[in-house]
Amino acid sequence: MRYTETIGRHVVSTSTAVTIGVIENVLVEPVEQRVVALALGKTAGSHRMLPWGQIAAFGADAVTVAGDDVLVTDGRLTALDGKDHAILGKQVLTTEGYRVGSVSDVEFDAADGHVLSLLLDTYQWDGRLLLGVGSYAVMVRPQQIQAPEGLAPASQPRPY
Amino acid sequence: MSTLLRASELAKLPVVTFAGEAVGQIKDIVYAADGGQVNAFTLAGRGLFAGPLNTAVPWKDVVGLGPDAMVIESEKVVVPTGDVLAPATTSSGGGGNVLRSRVLTDQGTALGVVNDVIIGIAGQGAQADVIGYEIEPAETLGRGRQRLLIPLPDTLAASGENLVVPAAASQYLTDDLARFGSVVDSFRSQLSAPTGAASNNPAQRSAAPTSAAGQ
């Protein structure tokens, strides 16, 4: 499942058949390399965070939950929803100090929420190498880069 | 030498934690007292009007140093500048200044004035070794005004005024940074096995300066 495909999808309660909100953001806990919650818009009450554990199914057309009282308000989740922890569009640095691009999309496992890969401008980065998401950059551990034809691998030291 | 870096290119590099936060930028490089290694980096705040932070990162806590950032695990490794400065020299101010120091051979010939420091990093977890200087050559060298690279031995005497190098170093002057790593390697292997290969007569060298491995 891709981050960009998820945004705007409806979240429906299976007990009442009511749409309880629309997905506005997918919250990734970088230390666990996992999606921990969805931030919803157009909710009835003031709570707008849907913890991953409350999701009944991540379907092709909608996300289903058991009831309409599953939303919470949580300080850590609100922080992850902020601009500093946003992943999309942010530059990516390896721990070796190389900039390898910026994030165009995030691929995650719809069954358990694990981040499978980060899609950069030119590279696909293994999600297990994700280290942190901060206001300056998305940090990743280095990986062997399969460069597209005609592009030099970015992991090799540049000539000085 | 897998990576060669000019010290001047490191200044202003952002210092970023694993969490993706920039804690500052590199302000200055602190060298060991013998000038042979990088001991630490002092930090400045990021942005146009940010000043020095009076903090530093010891080399042992640097995870990665690349063209786009210096990476540390967390802000916990940042220490007060005083902790790293005591027995060391920096490239500008405090202790002793390497830049603008005069490079003198042990035979008493002035080779030039230090313009930049070349740092070599052999690989992950390795020492950041000062392997050479970029110098503005002294007129007496007869090499014109083009800046030259001079290889250094593992350790050397530095006072903040003069840097004393073995006379043989003047035979390895080059202007090619791409090949400088191998120049340094051959210079150092010659130093460790001095079997009369190098001339010890400074007059002979200044009359006909050569660049044995550089060209």
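Chain A has an average pLDDT of 88, and 90% of its residues score at least 70; pLDDT is the predictor's confidence in each residue, on a scale from 0 to 100. This is a predicted model, in which local features need pLDDT of at least 70 and side-chain atom pairs count only at pLDDT 80 or more, while totals for chains, interfaces and linings use all residues. Residues are numbered from 1 along each chain as its sequence is written, and chains are lettered from A and ligands numbered from 1 in the order in which they are written.

The model as a whole scores ipTM 0.82 and pTM 0.77. In chain A, pLDDT stays under 50 over residues 149-160, a stretch with 18 contacts beyond four places in sequence. Two residues are in contact if their C-beta atoms, placed from the backbone, lie within 7 Å. For chain B the mean pLDDT is 78, with 77% of the residues at 70 or more. Here the pLDDT is below 50 over residues 196-215, and the model gives this stretch 35 contacts beyond near neighbours in sequence.

Chain A contains 2 helices and 12 strands. Helices (H or I, at least four residues) and strands (E, at least two) are DSSP runs, numbered from the N terminus. Read from the N terminus, the elements of chain A follow the order α-β-β-β-β-β-β-α-β-β-β-β-β-β. The C-alpha trace of chain A spans about 65 × 30 × 20 Å along its principal axes. Of the 160 residues in chain A, 32% are buried. A residue is buried if 20 or more other C-beta atoms lie within 10 Å of its own, exposed if 12 or fewer, and partly exposed in between, with C-beta atoms placed from the backbone. Among contacts in chain A between residues at least 6 apart in sequence, 42% link residues at least 24 apart.

Chain A is split into domain 1 (3-82) and domain 2 (85-140), with bounds that come from an automatic or database domain assignment. The C-alpha centres of domain 1 of chain A and domain 2 of chain A are 21 Å apart. Their contact involves 12 residues from domain 1 of chain A and 16 residues from domain 2 of chain A. On the domain 1 side, α1 (3-6), β3 (34-41) and α2 (75-80) of chain A each supply at least two residues. By class, that side of domain 1 of chain A has 8 nonpolar, 3 polar and 1 charged residues. Ala, Val, Leu, Ile, Met, Phe, Trp, Tyr, Cys and Pro count as nonpolar, Asp, Glu, Lys and Arg as charged, and the others, Gly among them, as polar.

The loop between β3 and β4 (49-51) of chain A holds A:K42. Phi of A:K42 is near 55 degrees, a positive value in a residue other than glycine. Most residues other than glycine have a negative phi. A:K42 counts as exposed because it has 12 C-beta neighbours inside 10 Å. In chain B, B:K12 also has a positive phi, of about 80 degrees, although it is not a glycine. B:K12 sits in the loop between α1 (7-10) and β2 of chain B, and it counts as exposed because it has 11 C-beta neighbours inside 10 Å.

Chain B is built with 4 helices and 15 strands, and 38% of its 215 residues count as buried. Helix α3 of chain B covers residues 180-192; at 1.5 Å a residue, its 13 residues should span 18 Å, and its end C-alpha atoms are 18 Å apart, which agrees. The expected span of a helix is 1.5 Å times one less than its number of residues. The buried residues of α3(B) are B:F180, B:V183, B:V184 and B:F187. They cover an arc of only 95 degrees around the axis, so they lie on the same side of α3(B); the arc is that of the directions from the helix axis to the C-beta atoms. Elements covering these buried residues include β1 (3-6), β11 (110-121), β12 (128-137) and β13 (148-151) of chain B. On the other side of α3(B), B:S182, B:S189 and B:S192 are exposed.

The contact between the chains takes 23 residues from chain B and 20 residues from chain A. On the chain B side, β1, β2 (14-17), β6 (62-65) and β7 (70-72) each supply at least two residues. The largest share of that side, 4 residues, comes from β1(B).
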